[in-house]
Amino acid sequence: MKHLTLLLSALLAVSCGRSDSAETASADTETPPVLSLELPHIPETISTMEGQAGYLAVHFWDGLNFADTTRSLNVDFMEQNFVDFLSVLPAVMTSDRAPAFDALLRNASAHHGAYGLILELGDKYLSDPNSPMRNEDYYIDFLTEVLSDSVISPSERTEYGYYLDEARKTRPGTVAPDFTFVTRSGKTTTLHKSVDRPTVLIFTDMASENCASIHDYLGHHPAISEPVASGDIQVLAVSHDGDSRQARSLPAGWIEGHPVTSNLDSLYPMLAIPVIYFLNSGSVIILKDTTPEELISHL
């Protein structure tokens, strides 16, 4: 939000007639290349923060001629401005997000290479599990606009269609897909039969040191360990590969499951293991593919 405030403050300054920094810089002072686009002038009739942010998002790329490959193919320049563009989106109305992505893609279609770079940046920042700006709602809007564009190739249409189908699976507010698993004690059951209270569902690799460290962190955090001990919530750790031969021990009170269902990957997107969900007592998804920190904050 701090970065967003700075962007909107800059927008207001530009719309009030602030001169560009390049014009005020000393002629004999060497300055680094400008990595930010000139922001659009905001109409005086738009007075609300949401309206200003929406106008900025939709017109963010107006100042860039994508046919000018000295900038549109400059990865540093494009990446910085793409991040700035995404930083505006939390302040816009939901109805302005799709037009903002549409405007970006229409402008980028002026050059095939620049368009491809935008696709790469969209995947990197909106979908990559390691991205701090990862946002499935934005990614769905982005992919929807990509697939409505006539400039993508048949292979790209197939690829991004698959990404969109995956992103639309297991959305918060929907019932988690059911599957069958076997507990460590040998009992065969299903997810829906097991979820009789709020449940942390973790698809994990029982033999992975990285997963083990996350298990340990969650298992010893009082936001998890205390309600598990009291029976207010439960944690179901499901082995992603179904192999228990190298399994490490789980925190006290956790349920260990090994899937019988063979199509688990088609039911739940598995971009990077572990994958953490939080379900209510009716198996409705509250948090999807969340981080340990986000889970702890929610609880």
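Which residues form one aromatic cluster? They are Phe60, Trp61, Phe66, Phe82, Phe85, Phe101, Tyr125, Tyr139 and Phe142. The model is predicted. The chain has 299 residues, of which 44% are buried, and it contains 14 helices and seven strands. Among contacts between residues at least 6 apart in sequence, 66% join residues at least 24 apart.

**Aromatic pairs**

- The structure holds 17 aromatic pairs.
- One of them is formed by Phe179 and Tyr268, with 5.9 Å from centre to centre and 90° between the planes. This pair is edge-to-face, because planes over 60 degrees apart count as such.
- Phe179 lies in the loop between helix H9 (154–167) and strand S1 (180–183). Tyr268 lies in the loop between helix H13 (264–267) and strand S6 (275–279). The pair therefore ties together parts that are 89 residues apart in sequence.
- Phe179 has a relative accessible area of 2%, so this residue is buried.
- Tyr268 also counts as buried, because its relative accessibility is 0%. The cut-off for buried is under 20% relative accessible area.

- Thr204 belongs to strand S3, which covers residues 199–204.
- With a relative accessible area of 0%, Thr204 is buried.
- The side chains of Thr204 and His215 make a polar contact at 2.8 Å.
- Leaving aside residues up to four places away in sequence, Thr204 touches Cys211, His215, Ala237, Val238, Ser239, His240, Ile273 and Pro274.

**Packing of helices H11 and H12**

- Two packed helices are described by the angle between their axes and the distance between the axes.
- Helix H11 spans residues 209–220 and helix H12 spans residues 222–230. They pack at an angle of about 65°, and their axes are 4 Å apart.
- H11 is therefore roughly perpendicular to H12, a term that applies to angles of 65 to 115 degrees.
- On the H11 side, the contact is made by Leu218, Gly219 and His220. On the H12 side, Pro222, Ile224 and Ser225 take part.
- By class, the contact of H11 with H12 has three nonpolar residues, three polar residues and no charged residues. Gly counts as polar in this classification.
- His215, the polar partner of Thr204, falls within the residue range 209–220 of H11.

Definitions and conventions:
Residues numbered from 1 in each chain as written. Predicted model: local features only at pLDDT ≥ 70, side-chain atom pairs only at ≥ 80, totals over all residues. Heavy atoms only, no water. Helix = DSSP H or I, 4+ residues; strand = E, 2+ residues; numbered from the N terminus. Buried < 20%, exposed > 50% of the residue type's maximum accessible area, 1.4 Å probe, protein only. Polar contact = N/O pair within 3.5 Å; in protein donor to acceptor, adjacent residues only side chain to side chain. Contact = heavy atoms within 4.5 Å. Axes fitted to C-alpha atoms, helices over the stretch in contact; angles between N-to-C directions. Parallel < 35°, antiparallel > 145°, perpendicular 65-115°, else oblique. Phe/Tyr/Trp six-rings, centres within 6.5 Å; stacked < 30°, edge-to-face > 60°.
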